[in-house]
Amino acid sequence: MEKDTRDKLIEAGTPLFAWKGFSGVSIREVAKMAEVNSALISYHFGGKEGLYAAVLENNLAALLTALEKINSSCLEPERRIEQFARAVSALHKQRPFLLRLLQGEFINPTVCFENIIKPYFKKVVTFLPAAIQEGKTTGRFEPEIHPIYAAMALSSMVNFYFLVKPLADHILPQDENRDEEYIRQVLKIYFSGVRRRDDA
């Protein structure tokens, strides 16, 4: 019963915090959407701050789990990078509020920026650069490629599409496989840039 209530509050709080930000959401509002007594927020989370932190951790943990699974697969750099792009795409479909939650913290950071966002991203940020560096070391990628900048470029290409998806729905082809085709195009463009010219 307690787990069900906790999950209901996190589920209800996720879209509210994503659209209104931390300061724009009231405890009563979350409780009403979750259809529970507002006192249960204090019981389970110690207050609105604790609920908000749980919402962020719930979404970020899914990203970290996906990356850890890829990282432990011992695949070649290209395959790890490809799986990263596809995993992030799948994650945004499963958790459509993740980017808005992160955007809110980037624009109006709360204490969670230092306590949650930064620690998670320190774990996440090592994944792509490591794969790119391995590609350089093995001679498959261009030697002048900077692993961190190249990682940021790919992350931007993948994430920006989902950030502006409401607009993309109006200006891009109405194809049920559009998300997958976009990722395929991103990977084709990306690899044509990072691979050694004699290895393309």
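In this predicted model, the side chains of Glu82 and Arg86 come together in a salt bridge, with 3.4 Å from N to O. Both residues belong to helix α5, where they stand four residues apart, or about one turn of the helix. Glu82 has a relative accessibility of 22% and therefore counts as partly exposed, and Arg86, at 36%, likewise counts as partly exposed. Side chains of opposite charge can pair when their charged atoms come close.

Elsewhere, salt bridges that share partners join Lys93, Lys165, Asp179 and Glu180 into one network.

Another salt bridge links the side chains of Glu29 and Lys20, at 2.3 Å from N to O. Glu29 is partly exposed, its relative accessible area being 23%, while Lys20, with 45% relative accessibility, also counts as partly exposed. The count of salt bridges in the model comes to 11.

Rolling a probe the size of a water molecule over the atoms shows where empty space is left. The largest pocket holds about 680 Å³ of space. It is lined by 23 residues, of which Phe106, Phe121, Ser155, Ser156 and Asn159 are the closest to its centre. The elements that give two or more residues to this lining are α5 (77–94), α6 (98–107), α7 (111–124), α8 (127–137) and α9 (147–163), and α9 gives the most, with eight residues. By class, however, the lining itself has 18 nonpolar and five polar residues, and no charged ones.

The second largest pocket holds about 280 Å³ of space. Its lining is made up of Trp19, His92, Lys93, Pro96, Phe97, Leu99, Arg100, Phe162, Leu163, Lys165 and Pro166, and at least two of the lining residues come from each of α5, α6, α9 and α10 (165–171). This lining divides into seven nonpolar, one polar and three charged residues. Lys93 and Lys165, which line this pocket, also belong to the salt-bridge network with Asp179 and Glu180.

Terms used: Residues are numbered from 1 along each chain as its sequence is written. This is a predicted model: local features need pLDDT of at least 70, side-chain atom pairs count only at pLDDT 80 or more; totals for chains, interfaces and linings use all residues. Side-chain values use heavy atoms; hydrogens and water are left out. On a 1 Å grid over the protein atoms alone, a cavity is a set of points where a 1.4 Å probe fits but cannot get out, and a pocket is an open set with protein on both sides within 12 Å along at least five of seven lines; lining residues have an atom within 4 Å of a point. Grid points are joined across faces, edges and corners, and a volume is the space filled by probe spheres set on the points. Ala, Val, Leu, Ile, Met, Phe, Trp, Tyr, Cys and Pro count as nonpolar, Asp, Glu, Lys and Arg as charged, and the others, Gly among them, as polar. A salt bridge is a side-chain nitrogen of Lys or Arg within 4 Å of a carboxyl oxygen of Asp or Glu. Buried means under 20% relative accessible area, exposed over 50%, partly exposed in between (1.4 Å probe, protein chains only).
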